[in-house]
Every structure is written in structure tokens, then in C-alpha cells.
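Reader: Could you take me through one part of this protein in close detail, and then show me how that part sits within the whole chain? I would enjoy a connected account.

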Amino acid sequence: MTAAFKPIFRNPHLLTIAANYWPRKIDERQFPALRREYKIDASATILAFEHQPGSTARGQVVFLHGLEGCADAGYIQSFAQAALVRGFGVHRLNMRTCGGTEDLCETLYHSGLTSDTRIVLEHIHRRRSDPTFVVGFSLGGNVALKLAGELGATELMAGVCAVSTPIDLAACVRRMERRSNTLYARRFVDRLRERVKRKSRLSPHVYSAAGLDDVKTLWQFDDRVTAPLFGFGTAANYYATQSAARYLDQIRVPALVICAKDDPLIPFEVYDHPAFQSNPALKLIAPEHGGHLGFLSRGKDRFWVDGVALNWMERILASAEVNCALSTDRGC
């Protein structure tokens with residue numbers, strides 16, 4: 001049974017902003033970080049930080065951050081610390097060019113770029129026999145769900161969790177254009193423009209900064225930069241082909257999706273998708289409040305999502321252990 005979320009604030013904007021700045025960290029004296037580089041291809045290397053518990057790990061958790069985030073994002077730090085305390089190993093990934101890795105990747109990341117995460121999962125699977133979960137936040141949640149749909153039944157992941165996820169990219173980018181979301185939109189666009197300007201100095205044969213100052217919205221940025229760079233043509237086609245909503249029916253591993261009904265960046269109507277009724281692998285938890293990646297609780301367990309998701313993972317592991325024991329008893 002999922003504990004009811006009791007928000008520390010009810011205003012979704014206040015929750016969103018407070019959660020972004022709320023102090024959280026991993027105890028690296030107890031759980032030191034191992035720097036790992038995953039070579040994707042000749043022009044892209046992904047940087048990740050791996051932490052393992054002191055005892056044998058119960059499982060592994062791979063974290064994917066949101067738009068213009070990085071492996072050090074607060075929502076990853078608190079979740080990773082809680083997971084380590086419960087005996088899980090964790091892997092905090094930086095998407096392409098994020099977290100100070102612009103010199104490691106010629107190309108940028110995008111909302112549907114699943115190949116990098118799949119390759120990391122393959123590496124982990126070869127090194128370890130532990131069941132592995134993928135947890136994505138916002139844009140990272142879209143990547144996680146899309147990858148789960150692409151893989152279907154797979155040994156690479158035991159489950160996938162997506163938090164505050166824009167499963168319909170076009171609808172969510174349009175929501176970002178509301179006046180009430182100007183603060184978020186301006187922050188994202190400014191950071192994206194600056195990233196491309198830096199990349200234009202590092203890789204002028206790929207990127208051009210010409211006309212970037214005229215880009216005022218995420219849609220314009222994706223239409224001018226993301227879509228052409230990755231061969232999607234237009235922003236509209238990029239959103240249509242890379243939204244996780246297209247892949248929900250194909251997910252075959254347990255999938256936990258958490259989104260607040262008052263998320264200012266995600267119109268909750270996108271979660272009316274029929275797959276949440278027809279696909280038994282999907283579980284949607286939708287509290288009335290929470291903002292975007294907010295979910296700061298009034299209770300002693302301040303970071304509500306962390307506990308909910310970890311409890312869910314533990315139930316999956318327990319169910320797998322029971323099924324394994326039954327199979328052994330039957331001589332299977």
C-alpha cells in the first residue's frame with residue numbers, strides 16, 4: 001500500500017522550486033563514488049558515478065536526470081542515498097554533454113535518446129548478476145519509459161520508474177509556453193542556448209550559434225537545433241516520434257509512473273492514455289499535489305518519492321524470490 005503524500009506546501013510552483021533547492025547529498029565517506037566512463041561510439045562517452053553498499057547489493061539502480069540536469073541533481077542524490085542505505089548499488093548517469101562532459105560528447109542528448117542507457121545497462125549486466133532498475137526524472141523518465149517499451153521483455157531491467165515525466169512531448173512543451181511557466185521556460189532555453197554556443201566553439205563543424213539569440217521557446221530550440229541535429233526534421237516530428245506515450249503498450253517489465261495532478265509543466269490529461277488501463281505492467285500513482293519533481297513531504301520522510309519507489313522495488317524483488325522458490329520446489 002502506498003503512503004499518501006502530504007505536501008509541505010500545496011502551491012505547485014512553490015513545491016517545484018523548493019524541491020530544486022532543498023539540500024540533499026550522498027554520504028560519500030560511507031558510499032564512495034567510482035567514476036566510470038562508457039564509450040558509446042567514436043564521438044560520445046557517457047560519464048557515470050557508481051556507488052555500492054557495504055554488503056552484497058540487493059539490486060542496482062540507474063538514474064537518469066531531467067532537462068539540463070546532471071548526475072548531481074538533488075532528486076538523484078536523495079534517492080541514491082536512500083537506495084544505498086537499503087542495500088542497492090546506484091549508478092548516476094550524465095546524459096551527453098551534461099555534468100561537465102561537453103568535451104566527451106560531440107552530440108547533445110535529447111528526450112528520446114535511449115541507446116546510451118541501453119549500452120550502459122548492457123555493461124552493468126555483463127559485470128553483475130543483480131536485478132537492475134532504471135529511474136528517470138522528467139526528461140529522463142521519458143527516456144526510461146521509451147527504452148522499456150523498445151526492449152519489451154528483457155533481462156536488462158527488472159523494472160522502470162518514471163517521475164514527473166512528459167510522456168507527450170508536444171503537449172508538455174506547449175504547456176511550458178504558458179505565462180505562469182515563464183520562469184521555467186526562460187531558464188531552460190537560456191541554458192540550452194548557452195550549451196550550443198559552447199559546443200559551437202568545441203565543434204564548429206557540427207554546431208552554429210548563428211541566430212540562437214532569436215530562439216525564445218523550447219519549441220523553437222528543438223525546431224532549429226534538436227530536430228535537425230538528430231535527423232527528425234522538425235520539432236513536431238521529433239515530439240511525435242520520441243514521446244514515451246508511443247511505447248507504453250509495449251512495456252513488459254514492471255513500470256511505476258509517478259506524476260502530480262498539479263504539475264505545472266505537464267498537463268495531467270496526457271496520463272489519460274489507454275495503456276494505463278490495458279497494460280498490467282503499468283502502475284500510475286497520481287497525488288493531487290507535488291508540482292514538478294516536488295513531492296516534499298510534511299512527514300519525517302521528507303522525500304516521499306524515494307520511499308514509495310524503493311518500497312515498490314523491494315516488492316518486485318520479493319515477488320521474484322517467491323517465484324524462484326516455487327519454481328525450485330516444482331523442479332522447474
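Author: Buried here means under 20% relative accessible area, exposed over 50% and partly exposed in between, with a 1.4 Å probe and protein chains only. By that rule, buried residues make up 56% of the 332 residues in the chain. The model is predicted, so local features need pLDDT of at least 70 and side-chain atom pairs count only at pLDDT 80 or more, while totals for chains, interfaces and linings use all residues. Residues are numbered from 1 along each chain as its sequence is written, and side-chain values use heavy atoms, leaving out hydrogens and water.

Let us look at helix 7, residues 218–229. Helices (H or I, at least four residues) and strands (E, at least two) are DSSP runs numbered from the N terminus, and the chain has ten helices and eight strands. Within helix 7, the buried residues are Leu 218, Trp 219, Phe 221, Asp 222, Val 225, Thr 226 and Ala 227. Their cover includes helix 5 (169–176), helix 6 (182–202) and helix 8 (235–242). After helix 7 comes Gly 231, with a positive phi near 80°.

Now for the wider setting. Counting contacts (heavy atoms within 4.5 Å), residues 24 or more positions apart account for 75% of those with a separation of 6 or more. Ile 167, for example, touches Asn 142, Leu 145, Ser 243, Ala 244, Ala 245, Leu 248, Val 270, Tyr 271 and Phe 276, leaving aside residues up to four places away in sequence. Finally, the C-alpha trace of the chain spans about 65 × 45 × 40 Å along its principal axes.
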